[in-house]
Amino acid sequence: MASDCTSLAILIREIIVNEAAENATAQLKLAFKDPAIIPALCAVMTTSQNHQIRQSAAVMLRMRVKKHWKKISPDHRESLKVVVLQAFTQESDHTVRHSLSQLSAVMVKHETPDRWPALLELLNQSTKSNNPQDRQVGLLLLSKVVESNPEPFKPHYHQLLQLFGDVLQQDLENPACLYYCILTLTAITAYVGSEEMNLMRSLIPKMIIALKHLIKADQDQASEAMEIFDELMESEVSIIVPHIVEIVHFCLEVSTDTTLSDSLRVKALSCIAFLIRLKSKTVLKHKLLSPILQGIFPVLSAAPPPGEEDPEDDENDSGDGSDSESPKHYAAQVIDTMALHMPPEKLFQQLMPLAQACLSSGNPYERKGGLMCLAVLAEGCADHIRTKLLSSMLQTVCQSLSDSNQVVRSAGLFALGQFSEHLQPEVSKYCSELMPLLLGYMSCLNQAKVGHVTKAFYALENFMENLGEEIAPYLPTLMETMLSALHNAEELKIKELAVSAIGAIANAAKELLVPYFPPVIESLKGFLTATTEEMRALQTQALDTLSVLARTIGKDVFGPLAAECVQLGLNLSNTIDDPDLRRCTYSLYSAVSTVSPDCLTPHLDSITTVMLMGLKSTEGVTTHLEEDKTFVLLDEDDDDDDEIEKDGDAILTDEEQIDLHDIAGFSVENAFIDEKEDACDALGEIAFNTGAAFQPYLETCFQQVYDMKEFPHEDVRRAAFGAMGQFCRAQHKVWKETPSEANHQAMHKLLDVVLPCLVETVRSERERHVVMSVLEAMNGVVKACQGEALQQPGRLQDISHAIRDVLKKKTVCQDGGGDEAEDEDQQAEYDAMLQEFAGEGIPVLASAVPADVFLPYLNDLLPLIMSKAKASCTVADRSFSVGTLGEVLQSLVTVSGGRAVAGRLANRLLPVLVAGVRDSNSEVRNNSVFGLGALAEAAGPVIVSDFPMMLSVFSNLLSKEDDRRVIDNLCAALCRMITSNVEVIPLEQVVPALVARLPLEEDLEENKTVYSCLAMLYTHSPGLIVSQMKTIVAAATHVLGSKDVDTETQNHLGLLIRNFAQQHSAEFQAAVTSLPAEQQAVLSAAISVS
């Protein structure tokens, strides 16, 4: 049957036109069992008069070759190589040629070009032909075979690049040639060696001209061809750096041309954003910031076509944050990228005049553009805005909420939400102005306009979430509004928004929410037990809010419900297959583990099974196939068992893989990415909180999480590294609780895998925020495990050097090894933040090993930290610098040999810290005062000769300082000096000045330092302390019984007060009677404690 070419062609035709297709498919399946199917299909492919049949034969052959190459006889292989090239040269139909080139590409995967000289010869002849049609066909074949297997063509790269140079110059009137040429270039980019770099570099100007011609001919092909820039930036950015000016101007030309398709303009804008992300310093050096801004502002503020709206202003907008693929959205993203990757001073100088012009325009879409611009600056330039521009920018945004145009009001709400998220804590200080404004705005909303209501909720929620106790006066109004929406709103979306807002309120109010807890929990349970599809989004939100309540409302209130909540989560994930819902159950289990870990223990088996399935799953990953898979069923089950037995391994590893050649691209649904991210986060936290109960699952969970470290999406990688750190801490905790040799070995086994992995990732990871999380995880592991984490030879050095590399900007995510001149004092805020994460590791290391062991590395790191204390540095840098020095000194207080090392460092650190005390910024002063106190405590007698100078500095500051946090830290620093060397302090002058500044108001943690010092002084100089009793007793009433002060401090203070009452009853009684009744009651309670 299979050898009958005519019959085979008839069967293929019947499938194509869907006549008796079922019978034809069954007969073809039988035919596929016969090895002679190969020559038969070859005959159809070369002789049929019907181009669809020829194409189908080529597709079937490709499927056969792809899956079963090893089973095709050598003779058939050789004849196939001849026939496919013969068919290709004689074929006139483009679709058939396309399928033949794909067949050739699959064959090249098995039969490398060197073993198929005829292919190379055909490529050589056709691509150099004088006939444009031949060149086009040859370049089509070349693009497909090279794309399928770029590496074996490496010996020919030089020749290929020369060819492409000619094509890009000579074939400007043949767009298909340009298209195939650029696709092939894209395929080889990642494999180009240093010897081809210059040649590749020289093609860039030609490529830009070719793309301009291609845009005129076919915008979709041009958009695909522009992927070359992404590929170059991903794999070999140095090729394009010399041509960055031409590339940026080309992309601006495309992105600002409103006659072009949105997708092409978006491609150009995303290319600009990518360039800024990778090479912001080069962009600035070539003075490209101004032209980029001049180009994108009209895009950002453009009005939509008449009768249309921007997608985000559509009333049917779901408000789920799904980004529109519009040029306007990507223009905002370019500004967002600038904010994240450029020094704010340089950016604002060029950008603010353009933004101001938009904001004062009579055109509502220009006003909207100005507000969108302010909104996207908030994350990347937070420090700059908080310290210099917050009041004026906030005023602009608030005024926009009374704009006559809803489009502008919506943008204002978005900007306010962004400010609330990124400009903390300063933005919360405007609570008394903003809360009434937002509540008033909410009360006037038309509930039917769900899209706009969603934006108002977004602004309110983000602002409320960070208010803390400041929310109290607004709580009754807020909860009345939200509970009313839960019970009465007709739209499910409004109920969902109210449930989300209750989560934000809980984050701020914490136990203040207890009176409202019963009605809230009843509503949530009602939503979570519903089974209809339309309730899904509301259920997801209800789970999220339940998780927030578990963490905030207090163990006593939530504890009794913990087991029921776990069961609710399990019931939902057992009955509903939805990644968003599963993700929220993971967060719920994680939250419950912080309140009542025992409730999880019986269910750990089920919980970990579901999470591991979520991590392993490829669900949600869609492969976009290039052509119709009509014939895919033919090849499904044509293996008999013997064949599978015989070379099953080979089939699985080599032949059953997804053929990337068939795939035009991948897309992954966000919900499945979010599920993997939340599964990692939750597994880490649950492992830590459930301790020994998690041990049976730790190894399997760790392995699966460890496998996610290479996941394409950076948020999943970030979560995986965080969880790996949590697993180490969990294993350390188990060993501490049960110090067996087996637990000790298990901990070191984990540490030996995780810490080297984290160190390597700091250097090699491209995404800055992933590296921040890795540094945070590393610091967390060392802080928890202390010296145990650093036992392996070289481990301390490896971590110290990783920190040093970040501080020197030598890592991949900092564009390490770039050729731009550094402007040390100006950098993007997120670059500074990355260095802060690294710097936080220095005091952690200092507290984990003996001081003399760490000293060589500390000497290496300190100059890098101290260099950021210069007056020309930003406030954030100066604060970080002196803050880190203080933390390092405090670490030296507790470690072996710390006093000697602190003494040796004193001469270098004193000038920096003293200069910091005189800084114009209160945060820098605060950290410097803390650092001087820590130096006195750590070095003690070694620096006693410097005490008079330090006291003089403190005295000067105390006389004029009005920032309460600085004053609190001054009190603590004086106490550290007294405690470390009481004999050299002029107590008669110092103690009254210190006591007069009590109680502490801002930095309540320092109560411990202050009152332990006063207790020591009561023993050392009782008369002096008794003389200050009235002030000390009054201050004590603010500390005793306060939930913000630790139990140990309260116990020390209680003992001091009881000593006063028993040993100096008259003075004590006089001090008490001068106080209000409420404070007297606090003291009575303290005295009555036995």
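## Cysteines

The structure holds zero disulfides, a disulfide being a pair of cysteine sulfur atoms within 2.5 Å. C177 is in no disulfide; its nearest cysteine sulfur belongs to C181, 8.5 Å away.

C177 has a relative accessible area of 0%. C181 is also at 0%.

## Basis of the model

This is a predicted model: local features need pLDDT of at least 70, side-chain atom pairs count only at pLDDT 80 or more, and totals for chains, interfaces and linings use all residues. Residues are numbered from 1 along each chain as its sequence is written, and side-chain values use heavy atoms, leaving out hydrogens and water.

## Nonpolar core

The largest nonpolar core has 380 residues. Such a core is a set of buried Ala, Val, Leu, Ile, Met, Phe, Trp, Tyr and Cys residues joined through side-chain atoms within 4.5 Å. F164, I292 and F727 touch the most other members. Helix α15 (residues 262-285) gives the largest share, twelve residues. Helices are DSSP runs of H or I, at least four residues, numbered from the N terminus.

Contact means heavy atoms within 4.5 Å. Beyond neighbours within four places in sequence, the contacts of F727 include L683, F694, C701 and L750.

## Around I576

I576 sits in the loop between α29 (562-575) and α30 (579-595). I576 is buried, at 9% relative accessible area. Not counting residues up to four places away in sequence, I576 touches R536, Q539 and L581. The C-alpha atoms of I576 and E533 are 9.3 Å apart, with the two residues 43 apart along the chain.

Conventions: Helix = DSSP H or I, 4+ residues; strand = E, 2+ residues; numbered from the N terminus. Buried < 20%, exposed > 50% of the residue type's maximum accessible area, 1.4 Å probe, protein only.
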